[in-house]
Amino acid sequence: MPSDVQPVSPDAVPAKPFAVRKARTRFFGLTFDECIRVFFGGNAFVAVIVLALITFFLFREGSAFFGQNRESLRVYRQAGLEYIDIIRQQEADHTALTRYLFAIRMKVVATLREERGAVIQADLEAAKNAVQQLAGAEGGATSTTLVSARARLAEAQKADAALGASINGELAVFDTFAERYSDTVLPVRGLVSDLGEIATGIKSRYIENEDYKVARSQFIQAGKQGEADAIQLREIDFKTEVAAITGILPAYQQINGEFTAALQETVRELPVLPVASLQPRLDRFKVLTQDYVAMFPGIEARLKAWDPLTPVTWSKSFSSFIFGREWLTASFWQDWYGVVPLFVGSLVISLIALIIAVPLGVCAAIYINQVAGPREQKLVKPAIEFISAIPSVVLGFFGIAVLGQTLRALSQFESLSWIPGFPYSERLNALTAGVLLALIAVPTIFTLAEDAINNVPRAFKEASFALGASRLQTIVRIVVPAALSGIVSAVLLGLGRVMGETMVVLLCAGNRIAIPDFTAGLAVAVQPVHTMTGIIAQEMGEVARGGIHYRALFVVGLVLFFIALLLNYLAQKIVRKYRISVG
Amino acid sequence: MVTTTSSRTPLSSPMETPADTPASRTFKVSSVPSEDDRADTLIEIKDFDFYYGTKQALFDINLKLDDKRVTAFIGPSGCGKSTLLRCLNRMNDLIDGTRITRGGVKVRGVDIYGRDVDSIELRKRVGMVFQKSNPFPKSIYENIVYGLRIQGVKSKARLDEVVEKSLRGAALWDEVKDRLHESGLSLSGGQQQRLCIARTIAVEPEVILMDEPCSALDPIATAKVEELIHELKKQFTIIIVTHSMQQAARCSDKTAFFYMGKLIEYADTRTIFMNPANAQTEAYVSGRFG
Ligand SMILES: Nc1ncnc2c1ncn2[C@@H]1O[C@H](COP(=O)(O)OP(=O)(O)OP(=O)(O)O)[C@@H](O)[C@H]1O
Ligand SMILES: [Mg+2]
C-alpha cells in the first residue's frame, strides 16, 4: 500500500536524487555543527590557555631576575662591600654577646625585685588604687583622707625608688664589666665605618656611570649625537679602587689582636652576681666569648683569601634568593632578595590557620554529615559556606579592629600567662592573621571534607552497625578512614587557600620582614611576620617596572604559583588513589 | 482480595498428595526435617505494625521463628520482607521517621524494643548479612576482627584464633589463608559475600539475618553459600530473604510468604511449596505472579 506522502503519479515529479548534499551555510569555512564544536571546545580550552599564559608571563617577567641579581652580587663583591661585611659580621656577633649580658642583668633585677620588693610592690599598688578611688569619688572623700593617701603613695614610691637604687648599687661592678666588654669592639666598629664609606663611594660611582651609559645609548638611539657626547663616562676600575679597602688588612690584624686581648682580659675575672642562681649564665657567657675569639683567625684567613674578581656564579644568584635569609630593599648598603623570611612567615601563619581550621572544619563536617539532624544541617551548612563569601578585606578590618585587640587584651590576663608567648604587646602578628585565615580555610575544608564523608558508601556504615558498633565507633573506625584521603585533600586545598590569601595577612600579620625567632618556641606565633603574598601586594605598586626589585616580586609570585600547583596536584592525586581503592 | 489465613499449619497435618500440586513439579524439596517438633521458638513477632513516616509497611504481623532452623521470607518485591528482617535487629532505628505503632518483637522472651534494651547489644546477638556484599576497605583479617575489636578484644592470639575459625566456618579459609592481609575488596563477589558471613559469625551471634545474600552471585558461588547455610544451621538461627523459590525450597525449614506488607502464609517449607493453604501463595510459588 502506498502511503500518502509518496507521489501518486509516477510521472508528475521526477524521483529525488538520492545523494545527500552537505549543508550549505558556512561561517568562516565551518559548518554549523563544527561551529558549535569550536565554540564549546574553545570555552573548555580557555582555562588551559589562560593557565599557560599566566605561567609564561610569570616566567618571562621573573626569569630576568636571576641575571640582574647576579649583576647586583657582582657589584657587591667588586666594590668591596662583601669584604667589609665579613668584618661587620664579627662586630654584629659581638653585639649579640652584649645583648646576652644585658639579658642577664634584666633577669637579675627581676629576681631581686621579686625577692625583696614584693611588699613594697603591694604597698605601691594599694596606695595607687586608694588615691585613684579617692580622686575619682571627689566629693565623697574628705580632703584629709585624700591627702593622707597621697602621702602614703609618695612614701611607697620613695621606698620603691630606694629599692631600685640599692639593686643598681649591687650591680655596679657588673655594669662596669658590661661597659668594658661592650667598649672593646669600638676600634673594629670605627674601622668598619671608615671602610664602609669608601665602598659605598665606589658603588655609587659605578651605578652613576651605568646610569650615564643608559642615558647615552638613549640619546644615540634618538639620533642626538651631540648630547650623547656631552656625557662623560668614567669607567670604574674595581681592582685599583678596592685596593684602598683590602689594603687595611695589616691595620685590621693589629686591631683584631688588641680586640682579642681586650676581650680575654675582660672576661678573665667575672663579676659576682647578687643572685647566685644566675651565676652559671655568666660562666656560660665566658665560654661563648672564648668561642667567639676562637673564630677570629678564621675571619682573618677569609679576608686574606678574598678576591674581588672571583666571578659570581649563577647558582649563587639562585641560592641567594631561595635560601637568602634577608629581604632588604632600598638600602644604602646592599639590597637582598631572600625569600626565606617571607616563606617562613607564610608558613607560620598557614600552620596556625591549619591547626585551628582542620579540627574545626573536619569535626564540623563529621558532625553535620553523621550526627546532626536535618534541621541542624539546614542551619549550619549555609552558615559555614557563607563565611567564604565575606570579602577578605572586611575580615582583615575585623582582625585589626576587634580580634587583634581582643587577643592582646586576653594575653594580658594573669591567669592565661601559662600560654606560650602570653602576654604580648604586638597587636598585629602571626596569630591574629592565622586565626582569621583559619576562618577563611574552614569553609573550604568543611565543604570538601563533608563531600568526602558523604561519599562513604552507606553499606560500610550499615555493616558496622550490624556488627554491634556504636555510632562513634563507626565514625572513628569506618567513616573517617574511608574518607581520609578525601579529608587530606580537603586540608591540602585549604592550605592552598590560606597560602594564597593576601588581604588578611597584609592587614593583620604585622608585616615585619624577618625570620621569626624560633628559639622562642611556641611563642613564635605572636611575632609579627611578613608573607609572600603580602610583600607582592605591598611593594608592587612602588617599584620601577623592569627593575631588579620588580622582578624579584615576580619570582616570589612564581614561588606562590608553584606551591599552589603542587598542593592542587597532590590533592587530586590523593583523591584519585582513594577512588581506586574503594571503587 | 483474598482473605489472609495466616495459617501456622500443624506439622502433623495430613498433606494432600504432593504429586498433584503444580509446585511439586517445579521444586524438589529436599529438606525433610524429622526433628522439627523439638524446635523451640526463638523469636516471636506479635501484632506488629510498622511505618516509614506516614506510610505503613507492615500490617499486623504474627510470626514465631524457630531456634537453630532456617526460615525463609518470600514474596514479591516491595512486600516488606527486608523491612521485617531489619526490624529484628533494629537496623530500622537508623532510618529517620520509622515507627512501630503496635505490637513488638521478642527474642528469647525479651522485648527487643523495650526501654532498657540496648540496640548495640542486640546487634551483637542478631547479626546481619546484606544483599550486596560490603566488606570494609580493610584487609581480610581486619574485616573479620572488626566486631571483636570494637568490643575491646586486644589479644592477638584470640583474634588469630577467631579469624581462622570464622573463615573455616564460612568455608573461605582455604581460599584466603595465604592472603589474610590483602584488602577484602580484592576478593571475588562470592568470596566477598562469604567474607561478610565470616565477619558476622566472628562475633558469635545467635541469629543471622540474610537479606538476599545470593542475588548478586553466580550459580556456583550461590551453591557454596547455600551449602554454608546448611552448615551454619547447626549453630545459628538463620532467617533468609530470597527471591529464588528454589533457594527457599533448598535451604529453609520453614517459609513465610508476604504480600503487600502482610503475612499471608507461614508453614513448613514442604507445605508452602507443595500444598499451600492460600491461593495467593500457590500462585506465587508456582510463578504465576510476583
Ligand atoms: N527507607 C525507606 N523509606 C520509606 N519507605 C521505605 C523504605 N524502605 C522501604 N520502604 C517501603 O517499604 C515497603 C517494603 O519495602 P522492603 O524493602 O521491605 O521490601 P522487600 O520486600 O524487601 O522488597 P525487595 O524484594 O524488592 O527487596 C516498600 O513499599 C518500600 O517502598
Ligand atoms: Mg529487600
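This is a predicted model: local features need pLDDT of at least 70, side-chain atom pairs count only at pLDDT 80 or more; totals for chains, interfaces and linings use all residues.
Residues are numbered from 1 along each chain as its sequence is written, chains are lettered from A and ligands numbered from 1 in the order in which they are written, and side-chain values use heavy atoms, with hydrogens and water left out.

Me: How do you know that the span of helix H9 of chain A agrees with its number of residues?
Reply: Helices (DSSP runs of H or I with at least four residues) and strands (runs of E with at least two) are numbered from the N terminus, and the expected span of a helix is 1.5 Å times one less than its number of residues. The 20 residues of H9(A), 249–268, should therefore span 28 Å, and the end C-alpha atoms are 28 Å apart, which agrees.

Me: What makes the buried residues of H9(A) line one face of the helix?
Reply: Buried means under 20% relative accessible area, exposed over 50% and partly exposed in between, with a 1.4 Å probe and protein chains only. The buried residues of H9(A) include Leu249(A), Tyr252(A), Phe259(A) and Leu263(A). Seen down the axis, the buried residues of H9(A) fall within an arc of 145° (taken from the directions from the helix axis to the C-beta atoms), so they line one face. The face turned away from the buried side carries the exposed residues Pro250(A), Gln254(A) and Arg268(A).

Me: What makes the phi of Glu204(B) worth a remark?
Reply: Most residues other than glycine have a negative phi. Glu204(B) is not a glycine, yet has a positive phi of about 50°, and lies in the loop between helix H7 (189–202) and strand S7 (207–211) of chain B. Glu212(B), also not a glycine, has a positive phi of about 45°.

Me: How do you know that Thr83(B) makes a polar contact with ligand 1?
Reply: A polar contact with the ligand is a pair of N or O atoms within 3.5 Å. An N or O atom in the side chain of Thr83(B) is 2.4 Å from an oxygen atom of ligand 1, so this pair meets the definition. For Glu212(B), the corresponding distance to an oxygen atom of ligand 1 is 3.2 Å.

Note on methods
A polar contact is a pair of N or O atoms within 3.5 Å; within protein, one must be able to donate a hydrogen and the other to accept it, and residues adjacent in sequence count only if both atoms are side-chain atoms.
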